[in-house]
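I am opening a new page for this model. My notes below follow the order in which I looked things up.

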Amino acid sequence: MRHRIPLLPVLLAAALLAAVPGCRGPSAPRGAPPAPSSVPATGDFSGQVEVGGGRKIYLSCKGSGSPTVILESGLHDSSDTWTITDTRPPVPKAPAVFPGVAAFTRVCRYDRPGTVRYVDPPTLTTRSTPVDGTRALTAMADDLDTLLTSARLPGPYVLVGHSFGGMITRLYAQRHPRKTAGLVFVDAFGTDIRTLFGTRWAAYRTLLDRPGTPFDARPDFERVDIDGAIDAVSAAPPLPAVPMAVLSKTEPFAAPPGTSKDLLDTLERAWPQVQQKLVELGTQTPQFLATGSDHYVQVHDPDLTISAVRLVVGRVRAEP
């Protein structure tokens, strides 16, 4: 079934533009280590997993086999973006990425706190415990590691990051190379974006954190320290030598009403260079151009996204 994303245009555009996480600011309080969860090794699972400090994170898994694929959404997005499609001709109808990947291996998705559910009307997720204030990229990567450990999901993992999610998966892989089997960047951001924006960077950074959504003023709305994130990834160890793939859009970004044309032009000029730098992170890394797709490649071209994940999974399985 074909779905339209039931999100306000300004919120959708903000999520399209938002891709860089932060690295300073408060994180959730740490308490006793969480008790291991009873997430099954195969089959369907949807529920909350204890991650310590009185917090729970929503996790959903499907399929069987290894390596386990972890789907990481973009800034402000809940894991709903992996379960919906909006394909248009000539792209044929295809299953959403989550069930599509589940057809050949185990796959899991989760809701970061303060992210938007793609329901009508849009709302912030209640499935994961809220966290107030600006979040650090290191805290987000820690959340991912604690979630995977507490859920006893077997690694190493193929990490699939869309937009801002690509920064989370990248830092996770840099900090946990033995837990990383492969990487797929879905129209993701890179650390060179700040330099490419030049004098327009401050305006873009402001747009990412306060994009004009109905949730902007809420303390639990996902907000990040953008500059700190770039610094954290740049200072971390190199990525492990694992199979990678890069998917990139071909259509312009959407934008909230009133967004500066100069700002958007700067973004469009910078984007191909950002994508090329991601390709250069590995050796023999294929880049797939999602013809006719905007930033949400996983929604507008799920078949291509699934194929890229299948390729990386296949390469991981073929390794001695």
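Which residues in α7 are buried? I found I226, D227, G228, A229, I230, A232 and V233 buried there, where buried means under 20% relative accessible area, exposed over 50% and partly exposed in between, with a 1.4 Å probe and protein chains only. I noted that this is a predicted model, in which local features need pLDDT of at least 70 and side-chain atom pairs count only at pLDDT 80 or more, while totals for chains, interfaces and linings use all residues. Residues are numbered from 1 along each chain as its sequence is written, and side-chain values use heavy atoms, with hydrogens and water left out.

**Helix α7**

I wrote down helix α7 (residues 226-235) as mostly covered, with 7 of its 10 residues buried. Helices (H or I, at least four residues) and strands (E, at least two) are DSSP runs, numbered from the N terminus. I then looked up what covers the buried residues of α7, and the list includes α3 (137-150), α4 (164-175), α5 and α6 (201-209); contact here means heavy atoms within 4.5 Å. At the start of α7, I found a side-chain oxygen of D225 within 3.2 Å of the backbone nitrogen of G228.

**Disulfide**

I searched the whole structure and got 1 disulfide, defined as a pair of cysteine sulfur atoms within 2.5 Å. C61 and C108 form the disulfide, with their sulfur atoms 2.1 Å apart. C61 lies in strand β2 (residues 55-62) and C108 in strand β4 (residues 107-110), so the pair ties together parts that are 47 residues apart in sequence. The torsion about the S-S bond of C61 and C108 is about 110 degrees, so I logged the disulfide as right-handed. C61 and C108 are both buried.

**Aromatic rings**

My search of the whole structure gave 7 aromatic pairs. Rings of Phe, Tyr and Trp (its six-membered ring) pair if their centres lie within 6.5 Å; planes under 30 degrees apart count as stacked, over 60 as edge-to-face and the rest as tilted. The ring centres of F189 and W271 are 4.8 Å apart with the planes at 65 degrees, so I recorded the pair as edge-to-face. F189 lies in the loop between β8 (180-186) and α5 (193-197) and W271 in helix α8 (residues 261-279), so the pair ties together parts that are 82 residues apart in sequence. F189 and W271 are both buried. I also noted that ring pairs link F189, F197, W201, Y204, F253 and W271 into a cluster.

How values were computed:
Polar contact = N/O pair within 3.5 Å; in protein donor to acceptor, adjacent residues only side chain to side chain.
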